[in-house]
Amino acid sequence: MSNTKENLFSPKNIKLLTAPLSRENPITVQVLGICSALAVTVKLQPAFVMAISVMAVVAVGNVVISLLRKTIAPRIRIIVQLVVIAALVILVDQVLKAFVYDISKQLSVFVGLIITNCIIMGRFEAFAMSNKAWPSFLDGVGNSAGYGIILIIVAFFRELLGSGTVWGYHVVPQFMYDIGYKNNGLMILPPMALIVVGIIIWVQRTKDKVLIEN
Amino acid sequence: MFSNRYIFTYASVMVIVVAAVLSMASQLLKPYQEMNVKKEKFQGILSAAEVKVSRADASDTYSQFIVEELAIDSEGNIVSRYAKGKQELGDIRPFDIVLRDELRVKQDAKNGKTSRSPLWPLYIMEKDGQRQYIIPLHGVGLWGPIWGNIAFKSDFNTVSGTSFDHKSETPGLGAEINTVLFQDEFKDRQIFDQNGQFVSIKVVKGGVANSSVPPMHGVDAISGGTITSNGVSEMLVNCLENYVPYITKNIKSHE
């Protein structure tokens, strides 16, 4: 173990954090976790809380799985991963219900559905099962941050155009409504989230040609 | 290789550890969660009577405005009263009655499966020297439960305000029932006709103006939210009719 005295923030570790933000983004590149991205992005606040919740589950879960990885029998590894995810999600749900009740109501079933978020199983299986705790933690934080960023961008546009607010504060001035501006009700409906995600993917691929498949 | 015995032991230990952690968390957080639910109920009751209050101040404002809580049986008798912070009659605080259960008891009684007679909670508020009666509501929308509160002026006939909420109605359509726009439509509508007959308030598809429903007893439905709108209509009849004996006995007789 002595040859692993790697710097905590070595370039390799930093890459674990930053790659999922752009080139390996779970939503726009790996196209995982789309369902919750569609559902909770009507307003910024729930999207933010969802992002934090997913971050807590992936980061802590990754560490737990990474610590246990040598003891887990391959035959039951999926069950073990699921139990860890389910336990963490229930904890997050209970904490939200106790301390941010309003937002937990808006998120309703979607916090529970973090259990089925493919990003989490994906990270456990692909990374935490074969890496040490610290890199696993960074990988979890990086991936959930990549997920969170997309959620927040989508929620920003949907809330701004759909309700005329940002983080609950009115930003579209009254005179705009007086001269005939109307909030776009379509932005509130889930299909628009898909279209916004689509636009983000389009913009990202236009800028980064590496992502374009042949 | 891992032996079968190892796998079984591993799984058992894991399940026990997880169960212990979760039940501990649940026990620790329960008081906070119950407080939130209670405060939300306070807020709902107050907001029907046009008292907007933040969650933090909900319980103080509630005890300031609500002077009496009553529980009424199907014949209109008061079986429980809670006022000024103490129980004056009966053994259950009206606030703690779960309306959904009482509606189920009512349904059971209709089907001949009587277990007990249902109790109907009623909140009496004093605001600006005026008495208001607030009735909690519970019903079914398109995708799940809908609920709310309706406040009446001192004649117990004219609506002074409503608050509705829902679990999972469609955003932009049925979910509109919790908007001010829809709730304000109910103001000044009446639930008894000129002859003193109970008619409730109907949520009318296509607009009250184009229907045979008198404007006094109808509000416009939400476009595209027909089933939720019907749900609100049914909820109103189903919940308000229980109070008719009480109203005729105690309010109308004094007019």
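Student: Is A:Ile149 buried or exposed, or in between?
Tutor: This is a predicted model, in which local features need pLDDT of at least 70 and side-chain atom pairs count only at pLDDT 80 or more, while totals for chains, interfaces and linings use all residues. Residues are numbered from 1 along each chain as its sequence is written, and side-chain values use heavy atoms, without hydrogens and water. Buried means under 20% relative accessible area and exposed over 50%, with partly exposed in between (1.4 Å probe, protein chains only). A:Ile149 has 36% relative accessibility, so the residue counts as partly exposed.

Student: Which helix holds A:Ile149?
Tutor: Helices are DSSP runs (H or I, at least four residues) and strands are too (E, at least two), numbered from the N terminus. The run with A:Ile149 spans residues 133-163 of chain A, and is helix 8.

Student: What is the strand order of the open sheet in chain B?
Tutor: Two strands pair if DSSP finds at least two bridges between them. The sheet has seven strands with antiparallel pairing. Strand 3 (86-89) and strand 7 (159-166) of chain B are the edge strands, each pairing on one side only. The order is 3-2-1-4-5-6-7.

Student: Which residue is the bridge partner of B:Ala71 in strand 4 of chain B?
Tutor: Strand 1 (residues 66-72) and strand 4 (residues 120-127) of chain B pair in the antiparallel sense over six bridges. The partner of B:Ala71 in strand 4 of chain B is B:Pro121.

Student: How many disulfides does the whole structure have?
Tutor: A disulfide is a pair of cysteine sulfur atoms within 2.5 Å. Over all chains, the search finds zero.

Key:
Chains lettered and ligands numbered in written order.
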